[in-house]
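Welcome! Here is a short briefing to read alongside the sequence and the 3D view.

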Amino acid sequence: MSQAFIPSLITEPVAASAAPPREIVNILLVDDQPGKLLAHEAILSELGQRIIKARNGVEALEQLLRNDFAVILLDVNMPNMDGFETAALVRQRPRFEKTPIIFITGYNTTDLDRLKGYELGAVDYLFLPVVPQVLKAKVNVFVELARQTQIIKSQADDLAAHNRRQAEQLEVIQKLNAELQEANQELEAFSYSVSHDLRAPLRSLTGYVQVLLEDYGPKLDSDGHGHLQALDRAARRMDCLTRDLLAYGRIAREAVRLEPLQIEPILQEIMALSGANSAAIKIQPGLCDVLAHRFLLEQALSNLLGNAIKFVPPGIHPEVTVRTEPRQNIVRLWIEDNGIGIDPSYHRKIFSMFERVGDMQNYEGTGIGLAIVHRAVQRMGGACGVESSPGKGSRFWVDLARPPGPEPLPANVATFSSVP
Amino acid sequence: MTILLVEDSPDDVFFFRRAVKKAEISADTQVASDGLEAIRRLTKPDPAQPPGIIFLDLKLPHINGFELLQWIRERPELQVPPIVVLTSSDEPEDRDKAASLGASLFLTKPPAPDQLRDVFHKILGQHS
């Protein structure tokens, strides 16, 4: 579903970063003498811009309403409305406040007149008769200025559009994130209700099976007993499945905070809770501390211990050893059993969800236990694996970080530090 | 001896009574099927049969077990008897939270008769 959004999220390059476009700008020539207009037009046409002519101030103002201009060449001596009056009207409009005006005037202009022109915003004066190169050069300055301004403006527009697009994309991402979070919360709420609402009737089911067996057992024949036991097994298996699925889900969402932990008390608690035969489990004295998250470590250890005890050949008493091996920055925790062992070709596969391989299929289980171990260890930044072959038992290992602080290596394991 | 069982599930009430009977505990079990009824019974206990121990489910309608624990904690004058939390939850957080709110013990459902015997031994040993 979310893939549909991906193409629109790909950022388009900013258009303005391409070669700057050769913008054509407008030049306004205002003169009451058609001959002068033509002459100036001829000179300026070499600049390759659009030249618009006006024969008096009114026409000039009309043109200004229709177009933007890079520069206005304004004849000072015009009948009715002279150049200065026209300039004053032009300046009144905010849009043309900054449009450069070059006045064209005769040599008889006094300094006072020129001052008046500058006050009206003239940027320059040209004297008649106009020298073509001078006219062209002066006008060109403003043409270039207008062109650069246009380029910058178009870049700014592009940038603004780009920013807008980015803001829109951000909004889409935020919306998706919110939706995802909502979906996660729903899933959590669902998990919680599965935990309580589904397990409660299962408990009733197994409870009443027990009642039937105890109170009515003598009245049932062996088939009746068998059926009840089958019912009990099915309900218990479903209970295990829901419990394991919930644990797996919780491992995924648990906020991981690593702290130095002692392993042995956790092992003792697991053994006490599971009612496991503690005689079958040998714990090496002085286990190293590890940097771990309590719930995740409990989950990993209880599944590894449970498996170690469970997967033994019929008639064999399980023997499990738990020991640690300090390495440079990590502690390797070993859980070794005398069980049925696992073919090396399955060693990776068994850590996946619902993978029950080889002889494992003859034993009760949900196929989630080692997936829980793998995910829990992964979330603590560690690694896990197994060394095993059929009939030779299994040696599961879990690597976890060592807590910081001075904990000198025992002399007999110092050689491990040279292992790369 | 009177037990106050705060439990909304009739099945769980049945299993509880059965376990009490099997444990040969001579006690009368009164049931409050939600938190509000529990509050009523605790504020006006039957003078002839005041509860000597409370077994409390955590997931209850209206007022859940944690809220009830909190309510009791805020009313020391009621002299509420020891509380054993009885729940299907095996989350350690629930256990810790219940303990911090004043629960004396924590049992996972369904309670086995010998577990109940242990609980009575511990609680009544402490309070006799």
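Two strands count as paired if DSSP finds at least two bridges between them. Helices (H or I, at least four residues) and strands (E, at least two) are DSSP runs, numbered from the N terminus. The model is predicted: local features need pLDDT of at least 70, side-chain atom pairs count only at pLDDT 80 or more, and totals for chains, interfaces and linings use all residues. Residues are numbered from 1 along each chain as its sequence is written, while chains are lettered from A and ligands numbered from 1 in the order in which they are written.

**Strands of chain B**
- Strands β1 (residues 2-6) and β2 (residues 28-32) of chain B run parallel and are joined by five bridges.
- Facing B:Val31 of β2(B) is B:Leu5.
- Together with helix α1 (residues 10-22) of chain B, β1(B) and β2(B) make a right-handed β-α-β unit; right-handed says that, with the strands pointing away from the viewer, the path from the first strand over the helix to the second runs clockwise.

**Chain A overall**
- Chain A contains ten helices and twelve strands.

**The five-stranded sheet of chain A**
- This open sheet has parallel pairing and the order β2-β1-β3-β4-β5.
- Its edge strands, β2 and β5 (122-127) of chain A, each pair on one side only.
- Five bridges join β1(A) to the parallel β2(A), and A:Ile27 stands opposite A:Ile51 of β2(A).

**Helix α3 of chain A**
- In α3(A) (residues 57-66), A:Gly57, A:Ala60 and A:Leu64 are buried.
- Why are they on the same side of α3(A)? They cover an arc of only 55° around the axis, taken from the directions from the helix axis to the C-beta atoms.
- A:Glu62, A:Leu65 and A:Arg66 are exposed on the other side of α3(A).
- The cover over the buried residues includes β1 (26-30), β2 (50-54) and α4 (83-92) of chain A.

**Two crossing helices of chain A**
- The axes of α9 (residues 294-310) and α10 (residues 369-379) of chain A come within 8 Å and cross at roughly 145°; axes are lines fitted to C-alpha atoms, for helices over the stretch in contact, and angles run from 0 to 180 degrees between N-to-C directions.
- Residues making the contact (C-beta atoms, placed from the backbone, within 7 Å) include A:Leu296 of α9(A) and A:Ile372 of α10(A).

Conventions:
A residue is buried if 20 or more other C-beta atoms lie within 10 Å of its own, exposed if 12 or fewer, and partly exposed in between; C-beta atoms are placed from the backbone. Two residues are in contact if their C-beta atoms, placed from the backbone, lie within 7 Å.
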